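Biologist: I have a chain open on my screen and would like to learn how to read it. Could we go through it piece by piece?

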Amino acid sequence: MNTLVILGAQWGDEGKGKITDYLAEKSDMVVRYQGGDNAGHTVEIGDNQYKLHLIPSGIFNKDKICILGNGLVINPKSLLDEIKYLTDRGISTDNLRISDRAHIILPYHIELDRLQEEKKGKNKIGTTVKGIGPCYKDKVERVGLRMCDIFYKETFEERLRENIRNKNEIIEKLYNGKPLDEDNIVKEYMGYLDEIKKYVVDTTALLNDSIEKGNKILFEGAQGTLLDLDFGTYPYLTSSHPISGGVSIGSGINPLKLDGAIGIVKAYTTRVGRGPFPTELHDKTGDAIREKGHEFGTTTGRPRRCGWLDGVMLRYSARINGLTSIAVTRLDTLGGFDKLKICTGYELDGKVVKDFPASLETLAKCKPIYEEFDGWKEEDMKDITKYEDLPENAKKYVEKIEEMTGVNVDVASIGPKRSETLIRTEFFSS
Ligand code: IMP
């Protein structure tokens with residue numbers, strides 16, 4: 001197995017950063033294939049904690065090439081801030097490469113994101129307001145600006161000015177908003193893009209050459225399967241494709257060359273933003289999980305909605321992504337609860353439903369059917385280095401995940417530190 005994708009199996013925030021970082025050490029290249037700085041990864045290395053939004057967590061391994069693929073939408077200002085954040089901490093970004101086909105987020109995308117959300121009122125999506133949706137919209141509308149365009153300054157500026165004028169018309173006429181300052185944006189962003197240029201290359205060639213050489217490549221998904229534009233809880237989702245199917249489109253890898261998909265499953269469910277959430281807990285247990293798990297957004301700081309593990313969702317996710325392996329995170333956070341619940345099916349109009357519905361109206365009517373499990377103590381997980389030594393009840397919980405999805409749980413995470421990752425099967429072995 002040389003090419004692996006690691007992705008969120010739920011609504012994002014499953015704890016991908018740590019596992020990605022662990023696998024990055026074993027790979028030659030780490031590639032992001034979708035999203036932008038709406039993502040947020042926290043990585044702990046030794047006593048240091050790092051928060052990343054855009055750059056793959058593989059950046060901490062200076063020998064690895066880190067790629068921001070064509071499927072991304074990149075805010076140059078955020079990227080430069082992140083590069084500075086890393087270099088200030090002594091971490092080199094010389095190993096970073098940006099796809100010449102990636103799209104550029106500009107201030108009008110962010111302003112439109114904000115105005116659209118405001119106009120939607122109570123029906124707002126709850127976006128991160130990073131301009132992600134509007135930038136992807138421009139890509140589909142074929143008016144977006146790409147990284148390769150910055151090498152042709154004159155035409156780039158012309159198109160940028162035209163876009164600003166068009167967007168200002170929308171901002172003023174449709175949203176009654178204040179127009180953006182054309183000259184300021186041009187000056188500021190042309191400067192940022194000049195600084196970024198040195199990282200921009202044809203990453204598709206780089207990637208496929210590397211695969212042909214037999215190198216190990218890790219694709220790092222952001223967000224999660226249920227936030228996928230096609231297979232998530234539309235319209236309460238992001239505008240990209242976090243699923244394994246997004247890897248080829250978002251990086252240029254030959255789709256037949258992807259060897260495996262690791263789904264990261266948090267031991268309970270969380271979501272940020274709006275939309276139906278069948279296993280959501282509106283009680284003290286939900287609050288306790290949020291507090292104990294520090295379930296507040298890395299990017300926005302918003303409290304995350306918390307609930308029990310949803311097996312219907314996991315089975316759907318395993319099928320859509322073709323998961324070959326699961327990594328369960330946050331078993332420690334569930335430590336200390338007497339009883340735990342896993343949703344094994346939905347009850348809908350008196351019938352048991354096992355497939356995740358497309359319609360949100362249907363999903364909102366689904367009532368979870370729960371199986372109850374005895375809990376375990378967090379202390380019983382201290383200093384464990386082998387999966388076999390986990391408390392019996394935790395193992396039973398994990399076995400239920402395997403039974404519901406038909407996929408092996410190969411990793412169990414019991415804390416934020418690298419040492420708190422119990423590996424049952426090594427990845428990237430031949
Ligand atoms: P957008 O990606 O900013 O357009 O936001 C669309 C939806 O995806 C909102 O519900 C966000 O809260 C959610 N979202 C975006 N990025 C993440 C993430 O990294 N983790 C969890 N949810 C996310």
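Biologist: How many bridges join strand β15 to strand β19?

Modeller: This is a predicted model, where local features need pLDDT of at least 70, side-chain atom pairs count only at pLDDT 80 or more, and totals for chains, interfaces and linings use all residues. Residues are numbered from 1 along each chain as its sequence is written, and side-chain values use heavy atoms, with hydrogens and water left out. Strands here are DSSP runs of E, at least two residues, and helices are runs of H or I, at least four residues, all numbered from the N terminus. Strand β15 (residues 325-329) runs parallel to strand β19 (residues 409-413), and the bridges joining them number three.

Biologist: What distance separates the centres of domain 1 and domain 2?

Modeller: Domain bounds come from an automatic or database domain assignment. That assignment gives domain 1 (3-93 + 202-423) and domain 2 (103-199). Taken over C-alpha atoms, their centres are separated by 29 Å.

Biologist: Which three residues supply 26% of the area that domain 1 buries against domain 2?

Modeller: Buried area is the accessible area (1.4 Å probe) that two parts lose on being put together, summed over both. Between the two domains it is about 2100 Å², and carbon and sulfur atoms give 62% of that. On the side of domain 1, more comes from this trio than from any other three residues: V73, P76 and L80.

Biologist: Which element gives the most to the side of domain 1 that touches domain 2?

Modeller: β6 (73-74) and α2 (76-88) each supply at least two residues of that side. With five residues, the element that gives the most is α2.

Biologist: How many salt bridges are there between domain 1 and domain 2?

Modeller: A salt bridge is a side-chain nitrogen of Lys or Arg within 4 Å of a carboxyl oxygen of Asp or Glu. By this rule the count comes to 32. One links R161 and D183 at 2.8 Å, N to O; R161 sits in helix α5 (residues 153-173) and D183 in helix α6 (residues 182-196). Between domain 1 and domain 2, though, the count is zero.

Terms used. Two strands pair if DSSP finds at least two bridges between them.
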